[in-house]
Amino acid sequence: MNPRELNFQGNSPLLYLIATPIGNLSEMSPRALQVLSETDYIAAEDTRNSGQLMAHFSIHKPFLSCHEHNENEAADKIVSLLKEGKKVCYMSDAGYPTLSDPGQRLVQRCLEAGIKISVTSGPSAAIDALSVSGLDSSHFYFEGFLPAKESEKDAELRDLAQRQETIIFYESPHRIHKTLVSMASILGDRKAVIARELTKAHEEIIRGTLDEFVALDEDTLRGEMVLVVEGSKEKKEAPNERSILDAVLSEIKAGKKAKEAVKNVSERLGIPKNAVYDLYLKSKED
């Protein structure tokens with residue numbers, strides 16, 4: 001266990017994660033603006049987008065680029081600055097860093113270096129969509145973006161098919177139709193909601209079923225979208241050895257290493273990891 005220290009007391013450096021508007025700029029919180037105005041550097045997923053956002057609020061600070069393709073190198077630079085006593089904030093393009101956005105590797109690198117992490121609260125497309133969906137919100141599962149490769153996407157949906165929680169997905173316009181077709185085929189004709197362009201001028205909440213969504217004109221599905229899908233209504237049955245093994249092999253076929261596949265299946269099905277691994281080893285011997 002790491003030594004305890006209050007985030008805003010003590011001498012350890014601290015990285016701020018800044019949640020940013022998903023559309024309406026008025027959602028930028030006063031606290032986030034205060035933290036940004038007091039920082040020395042702003043690390044950002046896209047310095048052009050973040051630069052426009054900061055210009056809107058008349059905040060002018062040096063930017064550091066930190067995105068999916070340079071996150072490891074950028075993290076080293078950010079850790080060095082924080083260790084020198086500089087104040088650094090990190091923001092992704094919209095919403096929360098690390099949630100279907102870059103930032104996770106930066107956070108891990110900072111934690112390894114003894115740097116504390118704090119966040120300014122802000123808008124979340126996933127929570128916004130769930131709250132207006134009308135679907136069960138007592139338990140939900142956040143999936144985010146499905147894999148781009150069709151075979152991997154379908155394998156992921158098959159794994160999700162038995163989840164009884166409401167499931168939240170992110171999707172982009174150029175993939176939405178194929179994703180809806182796959183969902184209708186694998187998950188069945190469930191109740192669902194498409195929340196499109198949340199908080200923006202063309203915000204639209206589309207309610208229906210997955211089969212009905214497949215028939216929608218793809219040209220009308222523009223902008224960033226959140227899909228909220230009803231969970232499975234089928235009563236869960238205890239998995240048998242064949243279904244457990246099939247789940248492991250499905251993960252491996254999708255590109256996972258055997259060790260990771262066993263761990264994922266163990267956590268998803270609530271079965272001891274050793275038992276899953278023994279089944280996998282037995283199948284290799286047969």
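This is a predicted model: local features need pLDDT of at least 70, side-chain atom pairs count only at pLDDT 80 or more; totals for chains, interfaces and linings use all residues.
1. Lys 233 is exposed, at a relative accessible area of 68%.

2. The salt bridges number 13 in total. Another of them joins the side chains of Glu 5 and Lys 116 at 2.8 Å, N to O. Glu 5 belongs to the segment before S1 and Lys 116 to strand S5 (residues 116–120), so this pair ties together parts 111 residues apart in sequence. Glu 5 is partly exposed, with 35% relative accessibility, whereas Lys 116 is buried at 11%.

3. Within helix H6 (residues 150–160), Glu 150 and Lys 153 sit three residues apart, about one turn of the helix. Their closest N and O atoms are 3.1 Å apart, and the two residues form a salt bridge. Glu 150 is partly exposed, with a relative accessible area of 35%; Lys 153 is buried, at 3%.

4. Strand S4 (residues 88–91) is covered on both faces. Val 88 and Tyr 90 are buried on one side, and Cys 89 and Met 91 are buried on the other.

5. S4 runs parallel to strand S1 (residues 14–18), with four bridges joining the two. In this pairing Leu 17 is opposite Tyr 90. Strand S2 (residues 41–44) also pairs with S4 in the parallel sense, over four bridges, and here Tyr 41 is opposite Val 88.

Key: Residues are numbered from 1 along each chain as its sequence is written. Side-chain values use heavy atoms; hydrogens and water are left out. Buried means under 20% relative accessible area, exposed over 50%, partly exposed in between (1.4 Å probe, protein chains only). Two strands pair if DSSP finds at least two bridges between them. A salt bridge is a side-chain nitrogen of Lys or Arg within 4 Å of a carboxyl oxygen of Asp or Glu.
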